[in-house]
Amino acid sequence: MKNSLFRKDIVTVESLTTEDVELIFEKTREMERLVKEKGGDDRLKGKIMAALFYEPSTRTFSSFIAAMQKLGGGIIPLNGMKNTSVEKGESFKHTIQVFSRYADCLVVRHPEPGMPAMAAGYVDMPVINAGDGINEHPTQALFDTYTIHKHFAGLDNLKVALVGDLKNGRTVHSLSQVLAKMGKNLFFHFVSPAVLKMPEEIKKIIKSSGTNFSETDNLSSVISESDVIYMTRVQKERFTDITEYERLKSFYMLEKKMLNNAKKRVIIMHPLPIAAGEISNDLDTDLRSVYLKEQLSNGLYLRMALLDLILRR
Ligand code: NCD
């Protein structure tokens, strides 16, 4: 397969074609085999990835670092821009230009929507969006889709419940678009409190791709017919009124006993972190839960795949 992603930015899911996503999935399977058989290799020796995280991160940051190192590459790991010249007032543009002189690709997380895309405009090397405010989280969406695809051996005819803060959650903004792009006859249940509904722009994109959805605030009503239950955290950092956050943070709490009528093959997903008990501990070790297992490993394999594709012809 021709590598259509060589030197490409990964800043929005909209820019990825179905062929691009298939290529990424094929490479992800190769990376899974590589890690399981040999741990990794040296194919990115001599290449450097700068991870510039202007917002907190555990998994996204660490798995990008691990992915680069498993392929023999080097890293400039900045988890938070504290102690850099950003504290002295250096502009975003200059910061990006500086790291482009040391690295071969940039992975950028930022609280403001659009900043990774902005960075991509400043430099002539690939930029990966690792989450930009409430906007998008393309790499999370790709490995979440990969996880679902792998479990069901495809994406067609699935019913996917996206639950929680659909207004501010960037993971569900990207995931709904990738799933709608890749799956035939897929159906979404958008489950949220009335004030945290999926944004109109995203619903428009989903509709125009021919995918249907329903909206409700009632999680119990969709459990029995869902193949995937994707829980999310209420995004505290996006609230100006903290009492409003406190009111909403535990709106949904998924417990084992709620799954009595669930489908046999259902999977429970969450991008993590679980912050306010939106999934109860009794599901952590449940065989239907993938959030502390496959979902994490697949994130590593898929990020290895992306780095390999954008850095090597
Ligand atoms: C998510 C994020 O940062 O958007 N976390 C992650 O990358 N796995 C989800 C979240 O913080 O709620």
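This is a predicted model: local features need pLDDT of at least 70, side-chain atom pairs count only at pLDDT 80 or more; totals for chains, interfaces and linings use all residues.
## Threonine 12

Threonine 12 is partly exposed, at 24% relative accessible area (buried is under 20%, exposed over 50%, partly exposed in between; 1.4 Å probe, protein chains only). Threonine 12 lies in the segment before α1, which covers residues 18-38 (helices, H or I, need at least four residues and strands, E, at least two; both are DSSP runs numbered from the N terminus). Valine 178 is 166 residues away from threonine 12 along the chain.

Residues are numbered from 1 along each chain as its sequence is written, and side-chain values use heavy atoms, without hydrogens or water.

## The ligand and its shell

Which residues are around the ligand? They are Thr60, Arg109, His137, Gln140, Arg170, Thr171, Arg233, Gln235, Pro271, Leu272 and Pro273 (each has a heavy atom within 4 Å of the ligand). By type, the shell splits into three nonpolar, five polar and three charged residues (Ala, Val, Leu, Ile, Met, Phe, Trp, Tyr, Cys and Pro are nonpolar; Asp, Glu, Lys and Arg are charged; the others, Gly among them, are polar).

Arginine 109 brings a side-chain N or O atom to 3.1 Å from a ligand oxygen. For glutamine 235, again with a side-chain N or O atom, the distance to a ligand oxygen is 2.8 Å. Proline 271 takes part through its backbone: a polar atom there lies 2.9 Å from a ligand nitrogen. Taken alone, the ligand exposes 310 Å², and the protein buries 93% of that (Shrake-Rupley areas, 1.4 Å probe; for residues, only the protein chains shown count as cover).

Glutamate 55 occupies the loop between β1 (48-53) and α2 (59-70). Is glutamate 55 buried or exposed? It is buried, because its relative accessibility is 8%. The side chain of glutamate 55 makes a polar contact, at 3.0 Å, with the side chain of arginine 170 (N or O atoms within 3.5 Å; within protein, one able to donate a hydrogen and the other to accept it, with sequence neighbours counted only if both atoms are side-chain atoms). Arginine 170 is one of the residues around the ligand.

Asparagine 129 belongs to strand β4, residues 127-132. At a relative accessible area of 1%, asparagine 129 is buried. Arginine 109, another residue around the ligand, is 20 residues from asparagine 129 along the chain, and their C-alpha atoms are separated by 6.3 Å.

## A cis bond at leucine 272

Leucine 272 lies in the loop between β9 and α10. Proline 273 is in that loop too, which runs between β9 (267-269) and α10 (294-311). The peptide bond from leucine 272 to proline 273 is cis, with omega near 5 degrees. Both residues are around the ligand.

Leucine 272 has a relative accessible area of 13%, so it counts as buried. Alanine 119 is 153 residues from leucine 272 in sequence and 26 Å from it in space, C-alpha to C-alpha.

## Two asparagines with positive phi

Most residues other than glycine have a negative phi, and most peptide bonds are trans. Asparagine 83 has a positive phi, about 70 degrees. Its place is the loop between β2 (74-79) and α3 (92-100). Relative accessibility there is 71%, so asparagine 83 counts as exposed.

Asparagine 185 also has a positive phi, near 55 degrees. This residue is found in the loop between α6 (170-182) and β6 (187-191). Asparagine 185 is exposed, at 62% relative accessibility.

## Threonine 147 in helix α5

Threonine 147 sits in helix α5, residues 138-152. Why does threonine 147 count as buried? Its relative accessibility is 4%. Glutamine 295 is 148 residues away from threonine 147 along the chain, with 6.2 Å between the C-alpha atoms.
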